Amino acid sequence: MSAGIGIHDLSLATGQYVLDLDLLAAATGTNLDKFHVGLGLDEMSVLAPDEDVVTLAASAALPLVRRHGTDRVRTLMVATESGVDQSKSLAVYVHRLLGLPASCRAVELKQACYGATAGLQAALGLVARNPEEQVLLIAADVARYEPGSTAEPTQGAGAVAMLVGAEPGLLTVEPVSGVRTADVDDFWRPNDRSVALVDGRLSVTAYLDALSGAWDDYQARGGVPVEAIDRFCYHQPFTRMATKAHRRLAQRTGVELDEAALMPTTRYNRRLGNSYTASLYAALASLLDHDDDLAGRRVALFSYGSGSVGELVTGVVGDGYRSAERGLRHARALDERKPVDVHRYRELHAAAEHPSDVDVDVPVASGTPFRFAGVRGGARRYEVGA
Ligand code: HMG
């Protein structure tokens, strides 16, 4: 174990169904290479009728709770932009499903895809104040756009749970970070909409401008030069965005950067699609599971949330980061999804909204550890599965 504060363990979960993007390409008359090469996506996760962002978040955290217990967890934070309630925090539902102690605070965080990185910074502060405490931080989202839009292939779903504490096993987060906030209407979801509104081209330039700004701030605050960073994980709304980001950083720093080195960070996101807050941390999970030479290496994480906030943080990987069990669990979460065709995916997309004024019982569909059971008296009900 290394000293300092950071990510002690992490775990990825996703939906029970998967859409092969070849099927979407055929249904929409799109050249396959546009998805596989142009966007760098192969599949997207789709939720079963009895899954939602709450069940995803709880499922991601369950392995951490089983492995590490909950005695030291004083705070549960869930970062999401797929919230199910304007008032009650998603974290409170997850708190019950996971059986966390009552003496644990629970809160939801939002700033588009950036929210989990704000959560990470807050968690580092809480642990610095009391190194005995741990924070369970979960990034969970369902990316939804209008069917038929150019953004449709960049949907997906996923959650990454992280245990943040002192003497972390996986990644010690370094003190310097670079941030950049700018008010941009590149992507947003007004309260009366269930799918995002997006200006796709503006969103790509806003992302890259946030990276430049965050990098400049990182340098101004004494961050290390780019040559001292061994690996780069970027927020990946589609994995080709990581290549665009890497090129921007090379241009900004005047240093040639190896694009092939991004490959181990993209393996999960190629198959999940966009998972908003979880996407950057899915990239980190993918790196940790697929790179054998990370011990002691410095990794940069660039987080971007539309609207917009960008932050670049760095961390150093712990000696014992490799875990065959973790890699197998993540591979199973992806490999065991059930294929759906385009017609079924679009049916599920249309049926995912449940108005709060109609009582509904949702039949068991997925066999997941936690399930969305329906709506009663305006309140969403969740059950611990079999
Ligand atoms: P589009 O209209 O499909 O874009 O929208 P395109 O026609 O420019 O094609 C995309 C790429 O495919 C291009 O490559 C094409 O050349 C290439 P580029 O020029 O960019 O390098 N292409 C091909 N390549 C090989 N063979 C072919 C072929 N055809 C075309 N035959 C867009 C793409 C991403 C804009 C759209 O899907 C979209 O609006 N997605 C949602 C928004 C998004 O993901 N934005 C990313 C940055 S913002 C962000 O990351 C935040 C976010 O996660 C939300 C949050 O913060 O909460 C979205």
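Buried means under 20% relative accessible area, exposed over 50%, and partly exposed in between (1.4 Å probe, protein chains only). This is a predicted model, in which local features need pLDDT of at least 70 and side-chain atom pairs count only at pLDDT 80 or more, while totals for chains, interfaces and linings use all residues. Residues are numbered from 1 along each chain as its sequence is written, and side-chain values use heavy atoms, with hydrogens and water left out.

**Salt bridges**

Side chains of opposite charge can pair when their charged atoms come close. In a salt bridge, a side-chain nitrogen of Lys or Arg lies within 4 Å of a carboxyl oxygen of Asp or Glu. The whole structure holds 27 salt bridges. Three of them are set out here.

| Pair | N to O distance |
|---|---|
| Arg-248 and Asp-209 | 3.4 Å |
| Arg-221 and Asp-217 | 2.7 Å |
| Arg-371 and Glu-383 | 2.8 Å |

Start with Asp-217. It is buried, with a relative accessible area of 14%. Arg-221 is exposed, at 56%. Next comes Arg-371, in strand S16, with Glu-383 in strand S17, so this pair ties together parts twelve residues apart in sequence. Arg-371 is buried at 8% relative accessibility, whereas Glu-383 is partly exposed at 33%. Helices (H or I, at least four residues) and strands (E, at least two) are DSSP runs, numbered from the N terminus. A network of salt bridges also links Asp-9, Arg-67, Glu-325 and Arg-329.

**A buried charge without a bridge**

Glu-81 sits in the loop between strand S4 (73–79) and helix H4 (90–98). Glu-81 is buried but has no salt bridge. Lys and Arg count as positive and Asp and Glu as negative; His and the chain ends are not counted. The nearest side chain of opposite charge is Arg-189, 6.0 Å away. The Glu-81 side chain does reach the backbone nitrogen of Cys-113, at 3.1 Å. That is a polar contact: a pair of N or O atoms within 3.5 Å, where, within protein, one must be able to donate a hydrogen and the other to accept it, and residues adjacent in sequence count only if both atoms are side-chain atoms.

**Helix H4**

Seven of the nine residues of H4 are buried, so the helix is largely enclosed by the rest of the structure. Among the buried ones are Leu-90, Tyr-93 and Leu-98. The buried residues pack against several elements, including helix H3 (53–68) and strand S6 (134–143). Packing here rests on contact, meaning heavy atoms within 4.5 Å. Ser-89 caps the N-terminal end of H4, with a side-chain oxygen 2.9 Å from the backbone nitrogen of Ala-91. Just after H4, Gly-99 takes a positive phi of about 65 degrees.

**Aromatic rings**

Rings of Phe, Tyr and Trp (its six-membered ring) pair if their centres lie within 6.5 Å; planes under 30 degrees apart count as stacked, over 60 as edge-to-face and the rest as tilted. There are nine aromatic pairs in the whole structure. Tyr-207 and Phe-302 have ring centres 5.5 Å apart and planes at 70 degrees, so they are edge-to-face. Both are buried. Phe-232 and Tyr-234 have centres 6.4 Å apart and planes at 10 degrees, so this pair is stacked. Tyr-93, Phe-372 and Tyr-382 form one aromatic cluster.
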